[in-house]
Amino acid sequence: MTNKFRSIRIAACIMGTLIAAPVLAGSAAESISVNDPFVRIVPPGMTNTGAFMVLKNADAKDHKLVKAESSASKVTELHTHTNEGGVMKMRPVKDIEIKANGEAVLKPGSLHVMMIGLKQELKEGDNVTVTLTFEDGSSKKVEVPARKIQTEMKMEMKPGMMHDHKNMH
Amino acid sequence: MKKITIGIMVALALLLFWVLLMRQPAGEHGQPGPAETRGGDFTLRSTNGPVALHDLKGKVVLLYFGYTFCPDICPTSLGFTSQALAALDKTELDKVQMLFVTVDPARDTLEKLKSYTAYFHPGIIGLSGTPEEIAKVAKLYGVDYAKQNTGSAGGYVVDHSAYTYVIAPDGSLFKSLDHGTPPAQVIEAIHAAMKKS
């Protein structure tokens with residue numbers, strides 16, 4: 001490698017650090033944006049549901065979602081599903097990692113915010129407030145709209161999304 | 001003398017019965033068999049009384065094992081299947097029966113199963129039985145399920161196979177659909193199973 005190239009690389013590194021620095025200074029909550037949140041409306045009489053969303057991390061370092069809370073349910077936990085030979089296993093998780101400049105996708109059949117003991121039945125048009133807390137103690141309030149499973153699926157069936165679905169199999 | 005003859009005959013009959021019982025190959029008691037030998041008749045209970053698979057002959061039966069506390073997997077499976085049912089016309093729908101068998105009979109009452117399944121499609125029948133009866137049906141279809149205490153405040157969860165079993169009108173297992181099979185493919189499988197009769 002020539003000296004010229006090396007100096008360009010060093011310069012690029014310094015530039016990169018300078019650009020990233022202001023972002024690094026912010027809290028996890030400031031670096032993470034929440035996209036397309038929804039909470040699933042469950043059949044009458046059922047009191048457990050899942051809230052789903054995409055967490056995007058604009059930061060140059062990894063962050064972790066460590067807690068979710070909501071006044072809409074007695075208990076709120078972070079859960080995931082694993083598929084072991086066709087057997088679906090739901091388990092609580094300690095945290096959900098959101099990689100640097102990456103995202104964590106909370107979706108049906110996978111990671112989700114588990115809401116246990118809903119205090120009232122959810123209807124279309126309702127919103128629940130979920131507070132997300134990150135590893136540095138910073139937190140973020142998210143307004144999560146309630147969605148019927150049928151509506152949820154229609155949205156999932158949108159062209160372009162179908163492609164993703166096929167890849168799952 | 002007559003008494004002794006009867007005694008011998010009874011003893012012989014018992015012996016024959018015992019031999020027949022023991023003749024079952026030992027291998028049948030372990031793991032479920034390969035896919036092609038899975039399936040079989042069963043009877044479980046619904047809010048409207050017993051439901052037997054043989055009573056549904058002539059219909060395509062969609063069989064799913066789950067539980068109502070399941071907030072995610074079961075609703076997704078039932079949601080997709082009910083969309084498929086909703087897309088069938090009346091004559092086709094008359095030839096299809098969806099069954100939801102609970103793997104959590106301790107918490108799922110028949111009434112709870114009914115309101116749960118009706119939310120997805122009014123035609124779905126929720127079924128339960130004793131833990132032994134359910135275990136027997138699950139084994140027939142190769143369904144694995146196990147209660148797990150995960151430390152969640154929501155109480156125990158039940159790990160379970162999330163396939164939808166498509167049973168042909170003759171009562172034989174036609175196909176297993178993976179979790180999350182889109183409605184279009186569920187409809188395709190229903191039509192293919194109908195042709196099998």
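1. How are H2(B) and H6(B) oriented to each other? In this predicted model, helix H2 (residues 73-87) and helix H6 (residues 183-195) of chain B pack at about 60 degrees, their axes lying 8 Å apart. H2(B) and H6(B) are therefore oblique to each other. Angles under 35 degrees count as roughly parallel, over 145 as roughly antiparallel, 65 to 115 as roughly perpendicular and the rest as oblique. Axes are lines fitted to C-alpha atoms, for helices over the stretch in contact, with angles from 0 to 180 degrees between N-to-C directions.

2. On the H2(B) side, B:Phe80, B:Thr81, B:Gln83, B:Ala84 and B:Ala87 meet B:Pro183, B:Val186 and B:Ile187 of H6(B) (contact means heavy atoms within 4.5 Å). By class, this contact has six nonpolar, two polar and no charged residues; Ala, Val, Leu, Ile, Met, Phe, Trp, Tyr, Cys and Pro count as nonpolar, Asp, Glu, Lys and Arg as charged, and the others, Gly among them, as polar.

3. Strands E1 (residues 43-46) and E2 (residues 49-52) of chain B pair in the antiparallel sense over four bridges (pairing requires at least two DSSP bridges). A hairpin of two residues joins E1(B) to E2(B). Helices (H or I, at least four residues) and strands (E, at least two) are DSSP runs, numbered from the N terminus.

4. Residues are numbered from 1 along each chain as its sequence is written, and chains are lettered from A and ligands numbered from 1 in the order written. Local features need pLDDT of at least 70, side-chain atom pairs count only at pLDDT 80 or more, and totals for chains, interfaces and linings use all residues, while side-chain values use heavy atoms, leaving out hydrogens and water.
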